[in-house]
Amino acid sequence: IDLEHVQTLREQFVDFMLGYKFAIDEITTKINILREDFNSTHEYNPIEHVGSRLKSPESVLEKVRRKNYPMNLAAIRENVLDIAGVRVVCSFISDIAQIRDMLAGQEDITVLEERDYITYRKPNGYQSLHLIVSIPVFRSARTERIPVEIQIRTIAMDFWASLEHKIYYKYRGEVPPNLRSDLAQAAEVATQLDEKMETLHRQVDRTGHVRTGPADSLDLT
Ligand code: 0O2
């Protein structure tokens with residue numbers, strides 16, 4: 001084994017991964033700017049919280065093997081699009097499209113792919129809007145365009161997904177049928193809650209006043 005070669009490969013991989021960390025920093029800053037801007041203009045703030053994760057080198061390599069992608073950095077950049085992940089949790093369903101548009105409309109962001117698991121819920125009940133975007137990262141020696149997966153979902157969808165994720169890992173992907181059907185039911189309840197909250201939200205204007213109107217208006221006083 002050529003140890004020097006191995007060392008060089010290792011350094012290249014560490015440097016490659018660093019670009020993704022910077023891309024997460026860029027996207028997180030953009031979301032925090034939106035959040036602060038909403039707050040300062042005293043408008044209602046649609047962003048509940050923001051999280052991020054960088055895939056571990058082991059799980060990047062595991063995915064390359066599992067999907068049979070070529071084992072080189074250019075192919076990994078092109079094929080593994082969820083190395084950098086950012087999650088935006090919103091209060092209401094209607095906030096999701098608003099956040100999506102605000103990010104997708106930014107000049108330095110290119111939307112590469114969009115997966116709408118809200119309109120087309122996954123069979124297990126999973127709901128989220130996934131955007132794969134690319135963003136330039138200005139490094140000391142060069143500029144790189146890095147893909148980032150942005151997941152946008154409501155609090156209820158996030159609550160469901162985090163529990164489902166734990167259950168899925170606990171059973172190593174083989175979730176027993178009774179739990180699977182309970183999870184699907186819980187997803188349905190989450191959707192109903194989101195829809196109810198959206199209706200309530202629409203009846204309260206930005207200043208917190210209850211809108212008086214005909215038919216299905218609610219009196220919250
Ligand atoms: P983690 O732990 O969040 O990193 P692929 O990535 O190729 O296997 P695909 O179709 O390219 O799958 O991506 P997809 O379906 O858009 O989903 C990628 C991510 O979305 C997952 O990342 C999860 O974070 C989330 N996700 C997708 N489906 C589900 C689901 O059924 N339940 C939950 N809880 N999360 C889901 P990772 O890398 O799998 O997981």
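Biologist: How many helices and strands does the secondary structure of the protein come to?

Modeller: This is a predicted model. Its secondary structure comes to six helices and five strands. From the N terminus on, the elements follow the order α-β-α-α-β-α-β-β-β-α-α.

Biologist: What does the C-alpha trace span along its principal axes, and what share of the residues is buried?

Modeller: The C-alpha trace spans about 75 × 45 × 20 Å. Of the 221 residues in the protein, 21% are buried. As for contacts between residues at least 6 apart in sequence, 62% join residues at least 24 apart.

Biologist: Turning to the strands, how should I read their pairing? Which sense does the pairing of strand 2 and strand 5 have, parallel or antiparallel?

Modeller: The general idea is that side chains in a regular strand alternate between the two faces of the sheet. In this structure, strand 2 and strand 5 pair in the parallel sense, over six bridges, and V86 stands opposite I150 in strand 5. Strand 4 and strand 5 run antiparallel and are joined by 10 bridges. Here L129 stands opposite I152 in strand 5. Strand 4 and strand 5 also form a hairpin, with four residues between them.

Biologist: Is strand 5 largely enclosed or largely open, and why?

Modeller: Strand 5 is largely enclosed by the rest of the structure, because nine of its 12 residues are buried.

Biologist: How is a helix to be read? Which residues of helix 4 are buried?

Modeller: Helix 4 (residues 93-104) has 12 residues and reaches 17 Å from its first C-alpha to its last, close to the 16 Å expected at 1.5 Å a residue. Its buried residues are D95, I96, I99 and L103. Seen down the axis of helix 4, these buried residues fall within an arc of 110 degrees, so they line one face of the helix. They pack against helix 1 (3-40), strand 1 (47-54), strand 2 (84-90), strand 4 (129-138) and strand 5 (143-154).

Biologist: Finally, which residues are around the ligand, and which helix gives the most to the shell?

Modeller: The residues around the ligand are D82, R115, K122, N124, Y126, H130, A161, E164 and H165. Helix 5 (residues 155-170) gives the most to this shell, with three residues.

Note on methods
Residues numbered from 1 in each chain as written. Predicted model: local features only at pLDDT ≥ 70, side-chain atom pairs only at ≥ 80, totals over all residues. Near = placed C-beta within 6 Å. Helix = DSSP H or I, 4+ residues; strand = E, 2+ residues; numbered from the N terminus. Buried ≥ 20, exposed ≤ 12 C-beta atoms within 10 Å, placed from the backbone. Contact = placed C-beta atoms within 7 Å. Expected span 1.5 Å × (residues − 1). Arc of directions from axis to C-beta. Pairing = 2+ DSSP bridges.
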